[in-house]
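Please keep the sequence and the structure in view while reading.

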Amino acid sequence: MIPPHSLPVIASTCGRYDMYGFIHKALRKAQCDIVVRLGQAGTDITPGLLTDLRDLLDLGRLHISHEEAHIHMAAELRMPQASSRLKGQHDTHRDTFLGLEGLIVAFEQAPSSLRQDAARRLYLAFSAFMARDFEHMLEEETAHNDTLWRQFSDAELMNIEGGIIASLAPEKVIRFMRLMVPAISRHERVTLLGGMKVNAPPEAFTAVMELAVYPTLSVEDLRDLEKRLSNVAAAA
Ligand SMILES: [Fe+2]
């Protein structure tokens, strides 16, 4: 049995708005998918898998820059140094992304006699990054959320999150939504996509459905979502 003190304390959200929840579920699922594919590939890592890995590292880089420019910036205006630990972890992530890119290139250029070592190095290094990032995201969703909840109202937090979304090019919105939609629960999908159906221009909502929802959900999940969304009125 695992002693209780080895587990993190996860306090209740008390109904507060958790701006990290959906995007972190997306990143966890995407990382798990990639590490499983790397493990299954062994030395036969395809160019397609390396492209997906590079895309994920790119979104990871983008994600931490959003957190710093919007969440950390707002938090530190009210509480100096509130995000300094997390910023240090982000700097480590940036170094890690460069290191992983180096390992990808090393695999691509390895002669056949060295491919096994290069593939193993990439697999283990990526899993080590995941371990650190999972701890990092846990800290954001517990300790840092607690700080945010003490300093900001839910409306203010939604406004900060809105600033992140407004800063994204449509192509980036689609890339994040493709990770997020299959990673969250059926109930959460209606929160996310229902809000979009009500508030976003109809053509933007249609683009998200066609490019991020239909290609990523199972038939059953899609049927469930369409049923729930049929009760939500579209934006005028
Ligand atoms: Fe972060």
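D58 is partly exposed, with a relative accessible area of 28%, a class that lies between buried (under 20%) and exposed (over 50%), computed with a 1.4 Å probe on protein chains only. R61 also counts as partly exposed, at 34% relative accessibility, and the side chains of D58 and R61 meet in a salt bridge at 3.7 Å, N to O; the term requires a side-chain nitrogen of Lys or Arg within 4 Å of a carboxyl oxygen of Asp or Glu. Both residues lie in helix 2, three residues apart, about one turn of the helix, where helices are DSSP runs (H or I, at least four residues) numbered from the N terminus.

The model is predicted, so local features need pLDDT of at least 70 and side-chain atom pairs count only at pLDDT 80 or more, whereas totals for chains, interfaces and linings use all residues. Residues are numbered from 1 along each chain as its sequence is written, and side-chain values use heavy atoms, with hydrogens and water left out.

The chain is divided into domain 1 (18-167) and domain 2 (170-236), with bounds that come from an automatic or database domain assignment. Their C-alpha centres lie 23 Å apart, and 13 residues of domain 1 are in contact with eleven residues of domain 2, contact meaning heavy atoms within 4.5 Å.

The area buried between the two domains is about 1200 Å², of which carbon and sulfur atoms give 79%; this is the accessible area (1.4 Å probe) that two parts lose on being put together, summed over both. F22, K25 and L59 supply 49% of the area that domain 1 buries against domain 2, more than any other three residues. Between the domains the count is three salt bridges.

## Other salt bridges

By the same rule the count comes to 22 salt bridges. One of them joins R78 to E156, with the closest N and O atoms 2.9 Å apart, and this pair links distant parts of the chain, since R78 is in helix 2 and E156 in helix 5 (residues 154-167), 78 residues apart.

D224 and R228 form another, at 2.8 Å between the closest N and O atoms; being four residues apart in helix 9 (residues 219-229), they are separated by about one helical turn. D224 is buried, with a relative accessible area of 17%, whereas R228 counts as partly exposed at 32%. Salt bridges that share partners also join D55, D58, R61, E171, K172 and R175 into one network.

Conventions. Helices (H or I, at least four residues) and strands (E, at least two) are DSSP runs, numbered from the N terminus.
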